[in-house]
Amino acid sequence: MNELLTQLEATGFKQILIISSVVNYRRRLAMSLLKLLPRPCLSALDPEVQGLPDEAYDWSEVDLVLIDLSESRQSIKHWYVEQSDVAALPPVIFLDNKATVDDAGDLIRGGGADYIDVTRLNTRRLSRALLIAADDRYRRSAVSSTPPIPEQSEPTTEQQVTRGLEQETMVMQSVPSISGMNDEPTEMLPVMTSDVLDTMEHEQVENERASFLTTGLMNILDREKLKAQYEVEAKVPEVTGRNEFLTTGLISILERGKSTELELPKNHSVQTEDIPIGDGWPFTREQIEQGEAGIDQYRILQFIEVGGTASVFKAQDRNDDHVCAIKLLDDSHGISNNRERFLRGYQLIQSVKHPNIVSIKDLVSSGELTYVVMEYFPGGDLKQQIERGIERTRVVRYAAQIAAALNAAHEHDILHRDLKPSNVLIREDGTLALLDFGIAKLMAEDKSDLTQAGFVVGTSHYISPEQALGKQLDARSDLYALGVMLYEMLEGHRPYTGDSTIEIMQQHVRGPVPQLSARDDPLNPLIGKLMAKEPGERFNSGAEVIQALADAIPELIDHDFLRNL
């Protein structure tokens, strides 16, 4: 068994409560926990409908709580502090779509195990949070149940940081190779108008100190350092008998925002509800485990992952024993017209036959079932490769293969519109295939890119300036996203980051074109042209990109590959 899965199994987390007002989010988080923990019992609580548990609530049957702060941030934070004063709470992992250092400091100091920015949540980040929560639980219980440990010399700061980095590396390398929660979900993004951009450019942005939110390193060391840092900054003496974090004098967003949000009710008889796992599947989880699950001629072998509107399974064709992947649409929880968008995207790409585009074996829509049968990718996705680091030779070849796939799609008049590392999968032989054309469209269509008035569909970290501005798109918009990915593969991080989706989009529109760390890198001009703000200054086709790669680093490009475009 994978080392990480073994560690996660040892956490003993069985009874897990998810507190969130968003049904789709509860479901997706539950699916991810199913992949990481051995048969957890998952329940949910909608605080806006059912209220929050009061001081009489029995927490003894709950091993772990995950709390989504996004909808009722301040009210839930106040409730948590009050509960911490009167009850022995299980480990709590907080999730937020507007994560700030102040919020993290408040909740970690108040006893929370971990605090996660939802926009950066993936399988690796969730795994790390589970391990931190388990360690925090056992560490606290050990205070009263184990003999004292002999005193040892305190490690130096350098030793502490080295140890923390080693823990981070261990977790990253031991993540299962299956595709996990999407780090960059396709979103409804606001169109960046000139008024919005001008306002943002004139705002004074406060520089936050480095923290786990910006470094990505969140382990026990960071939690203790964060607590200590806030304790030093707190100037007001504690008041006996009150929860520590309310009495430090820290002026946090909790206090600033309290008056603008309604307080959620407390309920002594609050009832949680089981989370329906696979309620849209034509089979049960037990049937999968027993080898009895199937769809038409396909036998389901394994659950792989869940997205916003579909679940993916490893399957086998009973007619020829061919192993494949099935993506099963679940439009009972999604937005309207999911089925039409799903079918249209795969119908478009089904017409393109190219070695670097996913091979579609079957596309079925019959009754309540809609699914696509495609090739199976055991090698995971490009996002996972980037997290582990990619050698330069492979980066160039990967970029050439993605460019070749885009060239083929564009020759068929198809725009991808949502190109990102998690949409590029890796075969056993190391070649890449582009997939997930769920929001693809024909360039010839005389329609705006607007999904509805004032919004566009895409992913903020990879969106082109013209897509962010709600303008008409062509092939050069996909090539911009390729430039972002090429930079990320080479540098190990994205070129633009921010505390919100709008901040990231603003940088795509008006921020400086990024430069590689080595300014004399021959790929710098190529990235500059791919990521030019104006489409007219970019390459016009994937073939031009491959030729530019060959000109920049000829020894890394297979010229037979170039001739066969």
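**Figure 1. Tyr57 and its aromatic partner Trp59 in the predicted model**. With a relative accessibility of 17%, Tyr57 counts as buried, where buried means under 20% relative accessible area, exposed means over 50% and partly exposed lies in between, computed with a 1.4 Å probe and protein chains only. Trp59 is likewise buried, at a relative accessible area of 6%. This is a predicted model, in which local features need pLDDT of at least 70 and side-chain atom pairs count only at pLDDT 80 or more, whereas totals for chains, interfaces and linings use all residues. Residues are numbered from 1 along each chain as its sequence is written, and side-chain values use heavy atoms, with hydrogens and water left out. Rings of Phe, Tyr and Trp (for Trp the six-membered ring) pair if their centres lie within 6.5 Å, and planes under 30 degrees apart count as stacked, over 60 as edge-to-face and the rest as tilted; by this rule there are nine aromatic pairs. The ring centres of Tyr57 and Trp59 are 4.8 Å apart and the planes stand at 70°, so this pair is edge-to-face.

**Figure 2. The aromatic pair of Phe283 and Phe313**. These two rings are arranged edge-to-face, at 5.3 Å centre to centre and with 80° between the planes. Phe283 belongs to the loop between β9 (273–274) and α12 (285–289), while Phe313 lies in strand β12 (residues 310–317), so that the pair links parts of the chain 30 residues apart; helices (H or I, at least four residues) and strands (E, at least two) are DSSP runs, numbered from the N terminus.

**Figure 3. The largest nonpolar core**. A nonpolar core is a set of buried Ala, Val, Leu, Ile, Met, Phe, Trp, Tyr and Cys residues joined through side-chain atoms within 4.5 Å. The largest one holds 67 residues, of which Leu382, Ile402, Leu419, Met489 and Leu549 touch the most other members. Helix α15 (residues 392–411) supplies the largest share of this core, 12 residues. Beyond its neighbours within four places in sequence, Leu549 is in contact (heavy atoms within 4.5 Å) with Val396, Ala399, Ala400, Leu523, Leu526, Pro554 and Ile557. A second, separate core comprises 46 residues, including Leu8, Ile18, Ala30 and Leu121.

**Figure 4. Helices α4 and α17**. The expected span of a helix is taken as 1.5 Å times one less than its number of residues. Helix α17 (residues 475–491) has 17 residues and reaches 25 Å from its first C-alpha to its last, close to the expected 24 Å. It is mostly covered, with 14 of its 17 residues buried, and is followed by Gly492, whose phi is positive, near 85°.

**Figure 5. The hairpin of β14 and β15**. Strand β14 (residues 360–366) and strand β15 (residues 369–375) pair in the antiparallel sense over six bridges, where pairing requires that DSSP finds at least two bridges between the strands. Asp362 has Val373 in β15 as its bridge partner. Two residues lie between the strands, and Gly367 takes a positive phi near 65° in this hairpin.
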